[in-house]
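The entries below follow the order in which I looked.

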Amino acid sequence: MSVRRLSACATLALIVITACHAAATPPQLSAAEKQAIADTLEQEIAAAYDLSKPNPVQRMMSLYPDSGPIVSAAAGRVITSRDSLKADLETFWKYVGSNMRDPRWVWEKKYVEVISPNAAVLTATYHIPHIQPNGMPHDLHGAWTALFERRNGKWVIVQEHLSDVPMPAM
């Protein structure tokens with residue numbers, strides 16, 4: 001093989017390798033772009049979990065994709081479909097949420113890691129102060145980690161894990 005032909009092959013190989021590496025490397029986001037994504041996610045969860053507004057299950061479900069897999073782990077169980085997740089939220093609201101008087105969802109510490117322009121993880125702690133049907137104050141606490149993916153311009157949760165703080169022994 002001639003030196004000229006070998007050089008052309010080496011140049012072509014270098015171009016292909018560089019192109020493949022560029023395609024495999026996600027674009028780097030600026031600090032401002034990462035902050036904008038984090039702010040968007042925090043605003044979306046705050047709106048979905050605003051217990052002062054009607055239709056809490058519908059608003060919470062707005063955070064999940066309309067189709068495709070969803071993995072939600074909570075209370076020692078794993079749910080893998082939108083219908084099952086919605087049924088669990090409806091059951092919670094029917095038997096627990098609807099009995100809370102003046103509930104407020106209070107986000108405490110929030111940590112957002114923007115992985116790429118289309119993926120981010122949010123971990124937060126929260127508590128829900130409210131009045132029980134017997135008139136006594138009560139507070140539910142927990143932590144939540146959610147993996148968000150941007151699909152068709154909308155951020156949706158594709159995997160999550162919730163862990164409740166255990167109730168104190170009486």
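**Entry 1: H130.** I found H130 in strand β4 (residues 119-131). Helices (H or I, at least four residues) and strands (E, at least two) are DSSP runs, numbered from the N terminus. The model is predicted, and local features need pLDDT of at least 70, side-chain atom pairs count only at pLDDT 80 or more, while totals for chains, interfaces and linings use all residues. Residues are numbered from 1 along each chain as its sequence is written, and side-chain values use heavy atoms, with hydrogens and water left out.

Is H130 buried or exposed? I noted H130 as buried, because its relative accessible area is 8%; buried means under 20%, exposed over 50%, and partly exposed in between (1.4 Å probe, protein chains only).

I then listed the contacts (heavy atoms within 4.5 Å). Leaving aside neighbours within four places in sequence, H130 is in contact with residues including M100, R101, D102, P103 and L140.

**Entry 2: L140.** I placed L140 in strand β5 (residues 137-151). Not counting residues up to four places away in sequence, L140 touches M100, Y126, H127, I128 and H130. I also looked up the C-alpha atoms of L140 and Y126, which are separated by 8.3 Å and lie 14 residues apart along the chain.

**Entry 3: the sheet.** I traced 6 strands in an open sheet, in the order β2-β1-β6-β5-β4-β3, with mixed pairing. Two strands pair if DSSP finds at least two bridges between them. The edge strands are β2 and β3 (106-116), each pairing on one side only. From one strand to the next, the twist averages 20°; axes are lines fitted to C-alpha atoms, for helices over the stretch in contact, and angles run from 0 to 180 degrees between N-to-C directions.

**Entry 4: strand β1.** How do β1 and β6 pair, and over how many bridges? I noted that strand β1 (residues 71-74) and strand β6 (residues 154-164) pair in the parallel sense over 4 bridges. V71 stands opposite Q159 in β6, and the bridge partner of A74 in β6 is L162. With strand β2 (residues 77-79), β1 pairs in the antiparallel sense over 3 bridges. In that hairpin, 2 residues lie between the strands, and A75 takes a positive phi near 50°.
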